[in-house]
Amino acid sequence: MKIILHVNELNRWHMAIGNIQNLLNLDPNVELEMLVHGEAIINYTKEKAKVLKEYELLKELSEKGVVFTACNNTLKKLDISNEELCEFVKVVPAGVMELAQKQSEGFHYIKP
């Protein structure tokens, strides 16, 4: 199964991470991507992830195959450089296009 989680609100961040952990517990082979844009993208920065004490968790999930993607349009709008992001975060040109592309590839859309 392939699932893309869409997070654009800060108050949905922890729910999405919990969803990912629960999905992996149920099926370690599930293909997961978490696409983030809007205000929630700040949590993908190394600084914020470390403040939240989630850097190691995100890194571990990434090593388990979870793909973390960030919208380049949002990064530009919020003046966040790629270098500020956790090294395992992949930047995509546009979040909405990534969502549409993944759905066309058979990913199930989840909005925590």
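A search of the whole structure, which is a predicted model, finds 4 salt bridges, a salt bridge being a side-chain nitrogen of Lys or Arg within 4 Å of a carboxyl oxygen of Asp or Glu. In this model, local features need pLDDT of at least 70 and side-chain atom pairs count only at pLDDT 80 or more, while totals for chains, interfaces and linings use all residues. Residues are numbered from 1 along each chain as its sequence is written, and side-chain values use heavy atoms, with hydrogens and water left out.

One of these contacts pairs K111 with E9, at 3.7 Å from N to O. The two residues bring together distant parts of the chain, 102 residues apart: K111 lies in the segment after β5 (108-110), and E9 sits in the loop between β1 (2-7) and α1 (13-26). Helices (H or I, at least four residues) and strands (E, at least two) are DSSP runs, numbered from the N terminus. Both partners are partly exposed, K111 with a relative accessible area of 35% and E9 with 32%. Here, buried means under 20% relative accessible area, exposed means over 50%, and partly exposed is in between (1.4 Å probe, protein chains only).

A further salt bridge joins the side chains of K64 and E60, with an N to O distance of 3.6 Å. E60 is partly exposed, at 40% relative accessible area.

Turning to E105, its side chain meets that of K102 in a salt bridge of 3.8 Å, N to O. K102 is buried, with a relative accessible area of 15%, whereas E105 is partly exposed at 36%. Through salt bridges that share partners, E33, K102 and E105 form one network.
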